[in-house]
Amino acid sequence: MSKRLWKSHELKKGYDVVIIGGGVNGLATAYYLAKMGMKNIAVLESKFVGYGGSGRNTAILRSNYRTPEGIRFYEQSMGMYRDLAQELDYNLMFSEQGHFTLGHSESSISGLVTRAENNKALNVNSYMLDPKEIKGMLPEIDITDHPRYPVMGALYHPPGGIIRHDAVVWAYCKEAEKLGVEVHNLTTVEDVSIKNGKITGVKTNRGQVSCGKLLSAVAGWSSEVCGKVGLKLPIATYPLQAMVTESYKPWLHHVVVSSTLHIYLSQTDRGELVCGNGIDNYTHYGMQSTLGFLEGYAAHVLELFPILHNVKVQRSWAGLCDMTPDYGPIISKINEIEGFYLNGGWGTYGFKAGPASGYNTAKMIFDDKEPEMIEAFSFYRFQNNTLGGEKAAASVGN
Ligand SMILES: Cc1cc2nc3c(=O)[nH]c(=O)nc-3n(C[C@H](O)[C@H](O)[C@H](O)COP(=O)(O)OP(=O)(O)OC[C@H]3O[C@@H](n4cnc5c(N)ncnc54)[C@H](O)[C@@H]3O)c2cc1C
């Protein structure tokens, strides 16, 4: 019989730290906290690890964002991802195959050039290509002037790529457990107890659990969980859909994104094309895929790659995305409630953040102070009017 990667535990009466959410951000935080020497940590997950966005994403990793704080943060994450398979002793299948963001108008090209310059200034490898250079690397793409949106150029990011998302989640879970963290599946946090402005515990479907520090790392469910402590978030939850096709001979050797056409695609080692588009245009907590998504995606992708007219869709799905107004995450202490911390606002881009997010969140909980790397992601930027500006680089680009 194969060995289980992690064990089941009795739920104890109390822990020093409770983390709500068994996705990449909650599990990575638990792992780095335990590595820093914190004891007595529990991760409480309502369904099973990887049930949320962490098991539903299209696994694109990159760091060529637009703002200096975004670029630095995602670059730290990419650096950590490069060594992660070794650190967590698990094959994560990280393939740095290069990431194209296509531009189809003067204004989108100008935005991509700004990103290329900002990335260059911070030593991140990302530069512009003209249509001929694009065609040389993506021979199947249509760069004629017939489509509605001709390809005018692209921002290319050689270190960008894809990873096996499930493996990342499982590996963090397995190594966190080895360091003494308890991960409890099927454990829903139903309420939060606060006394004299301090976190004292949580009520779960398996009983009351006391704790001194509590982290909400529930992405699409952030508004619901933070509502339990009376915290109103500037977050709206939208579904995001994706699909995979049947397997084909390898032909697409890079990740391709077009925000004008609202599509992205890549090919896995098994030959399936993994495809996605922008968030649905209504807020919702449903995770059903729709025919409208498939039709819209198919129409747009054929404008770029007409050779795909006969591919067969294998399955499609949706996940929840917690969008903030400035397309930046929120990683923050909540000053009004002692012992309460928030990791959320990950929108459509939080999987690539996992290692840096987990490390910096762990450091924040350990020191009870945000490290400099994540100061720009404070919850209080929405009160102080110091919002970021990551929309151009974060929307469909993943
Ligand atoms: C279709 C799609 C494609 C995407 N593509 C990419 C991509 O290519 N690259 C990228 O970087 N990002 C991508 N993302 C975004 C990324 O998946 C998420 O931002 C990221 O996985 C969020 O991770 P998390 O750990 O914060 O939350 P999640 O993985 O969503 O985990 C939150 C967990 O909290 C649990 N939970 C909720 N409420 C409670 C409660 N009350 N008690 C206990 N547990 C609770 C949930 O069950 C869930 O498992 C995509 C998302 C989707 C949906």
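Predicted model: local features only at pLDDT ≥ 70, side-chain atom pairs only at ≥ 80, totals over all residues.
Residues are numbered from 1 along each chain as its sequence is written.

β14 and β15 (residues 263-267) pair in the antiparallel sense over 3 bridges; pairing requires that DSSP finds at least two bridges between two strands. Strands (E, at least two residues) and helices (H or I, at least four) are DSSP runs, numbered from the N terminus. Within this pair, V257 stands opposite Y264 in β15. The hairpin has 4 residues between β14 and β15, and H262 takes a positive phi near 60° there. β14 also pairs with strand β4 (residues 99-103), in the parallel sense and over 4 bridges, with H99 opposite V255. In a regular strand, side chains alternate between the two faces of the sheet. In β14 (residues 255-258), V255 and V257 point one way and V256 and S258 the other, and all are buried (20 or more other C-beta atoms, placed from the backbone, within 10 Å of the residue's own).

A further sheet is open and antiparallel, with 3 strands in the order β9-β10-β11. β9 (189-195) and β11 (207-210) each have a single partner strand, so one side of each is left without a neighbour in the sheet. From one strand to the next, the twist averages 25° (axes are lines fitted to C-alpha atoms, and angles run from 0 to 180 degrees between N-to-C directions). Strand β10 (residues 198-204) pairs with β11 over 4 bridges, and G201 stands opposite S210 in β11.

The protein is divided into domain 1 (17-58 + 165-233 + 329-394) and domain 2 (96-161 + 236-323), with bounds from an automatic or database domain assignment. Their C-alpha centres lie 29 Å apart. In contact are 16 residues of domain 1 and 15 residues of domain 2 (C-beta atoms, placed from the backbone, within 7 Å). On the side of domain 1 that touches domain 2, α6 (222-227) and α10 (391-394) give two or more residues.

The ligand is surrounded by 40 residues, of which G23, G52, G53, G319 and G350 are the closest; the criterion is a C-beta atom, placed from the backbone, within 6 Å. The largest share of this shell, 3 residues, comes from α1.

Notes. Contact = placed C-beta atoms within 7 Å. Buried ≥ 20, exposed ≤ 12 C-beta atoms within 10 Å, placed from the backbone.
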